[in-house]
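Visitor: Can you walk me through this structure in plain words?

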Amino acid sequence: MGAKGRKKSITKKLKKGASEFSASSVSKDKAADFLPLEGGPARKLPDTEVRESKATILYIGRIPHGFYENEMEGFFKQFGTIKRLRLARNKKTGKSKHFGFIEFESPEVAKVVADTMHNYLLFEHLLQVRVIPPEHVHPRLWKGVNRWYKPLDWVKIERKRQDKERTLEEHNKLVGEILKRDKKRRKRIEAAGIDYECPEMVGAIQAAPKKIRFTD
């Protein structure tokens, strides 16, 4: 074999070795995701599947006064179809607690609403909108959602309480409390240096009312 033959064989071996080295380095880079700081062989992270979100319920906080069920439905239906809506209210007074929940038909719409309306300025309030995962939804969240709130007639309730039938002991207790408050009021007037003659309490000298329930 001449000099040219030896030169060709050496060049061929070098090319073959370079190709094998590059292939091995590429395969190592693909197999390993990072090198540990403490040393050692390269490691590969486990493959994680990207799961599609199926959450359709949104929590909405810092809802301003006057932005109630009808206003919320009219505003948020521009994003998509609303299945259910609930505004938290006080059971006694019926006033808004300034937070609520909305359920959309599509998870994509719910995500768009959460990304768009979070920290949205509405009537000087920054709305707080978050997606609730299905596993965190309370089972009684939508209980009674189809029943619109009917405000209590507190005048009727108070009238019924005042006009109820009382026993003789209850009537005497009621009159005694009235006289006690009247006595305190007279003392405050005298302490203020006001010369005023307070009229006598008529209920103190009246006979017991007709609405008295005598117990056996």
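Predicted model: local features only at pLDDT ≥ 70, side-chain atom pairs only at ≥ 80, totals over all residues.

Visitor: Okay, how do β2 and β3 run, and how many bridges join them?

Guide: β2 and β3 run antiparallel and are joined by 6 bridges. Two strands count as paired if DSSP finds at least two bridges between them. Strands are DSSP runs of E with at least two residues, helices are runs of H or I with at least four, and both are numbered from the N terminus.

Visitor: What sits between the two strands of the hairpin?

Guide: There are 6 residues between β2 and β3. In that turn, G94 has a positive phi of about 80 degrees.

Visitor: Which residue stands opposite S96?

Guide: That is R89. S96 itself is in strand β3.

Visitor: Is S96 buried or exposed?

Guide: S96 is buried, because its relative accessibility is 14%. Buried means under 20% relative accessible area, exposed means over 50%, and partly exposed is in between, using a 1.4 Å probe and protein chains only.

Visitor: And what does S96 touch?

Guide: Leaving aside neighbours within four places in sequence, S96 is in contact with Y68, L87, A88 and R89. Contact here means heavy atoms within 4.5 Å. The S96 side chain also reaches the backbone nitrogen of H98 at 3.0 Å.

Visitor: Switching topic. How many salt bridges are there?

Guide: The count is 7 salt bridges. A salt bridge is a side-chain nitrogen of Lys or Arg within 4 Å of a carboxyl oxygen of Asp or Glu.

Visitor: Which residue pairs with E103?

Guide: E103 forms a salt bridge with R84, and their closest N and O atoms are 2.7 Å apart. The pair links distant parts of the chain, with E103 in strand β3 (residues 96-104) and R84 in strand β2 (residues 82-89), 19 residues apart.

Visitor: How covered are those two?

Guide: E103 counts as buried because its relative accessibility is 7%. R84 has a relative accessible area of 32%, so R84 is partly exposed.

Visitor: What about salt bridges inside helices?

Guide: In one of them, the side chains of E158 and R161 meet at 2.5 Å, N to O. The two are 3 residues apart in helix α4, which means they are separated by about one helical turn. E158 is partly exposed at 35%, and R161 is partly exposed at 45%.

Visitor: Where do R185 and D182 lie?

Guide: Both lie in helix α5 (residues 168-191), 3 residues apart, about one turn of the helix. Salt bridges that share partners also join K83, R84 and E103 into one network. D182 is buried, with a relative accessible area of 7%, whereas R185 is partly exposed at 38%.

Visitor: Last one: which residues form the nonpolar patch on the surface?

Guide: L152, W154 and I157 form that patch, with about 280 Å² of accessible area together. Patches are made of residues with over 30% relative accessible area and no salt bridge, where like charges are joined within 9 Å and nonpolar side chains (Val, Leu, Ile, Met, Phe, Trp, Tyr) within 5 Å. Accessible areas come from the Shrake-Rupley method with a 1.4 Å probe, and for residues only the protein chains shown count as cover.

Visitor: Where is L152?

Guide: L152 lies in the loop between β6 (128-132) and α4 (154-162). Its relative accessibility is 40%, so L152 counts as partly exposed.

How values were computed: Residues numbered from 1 in each chain as written. Heavy atoms only, no water. Polar contact = N/O pair within 3.5 Å; in protein donor to acceptor, adjacent residues only side chain to side chain.
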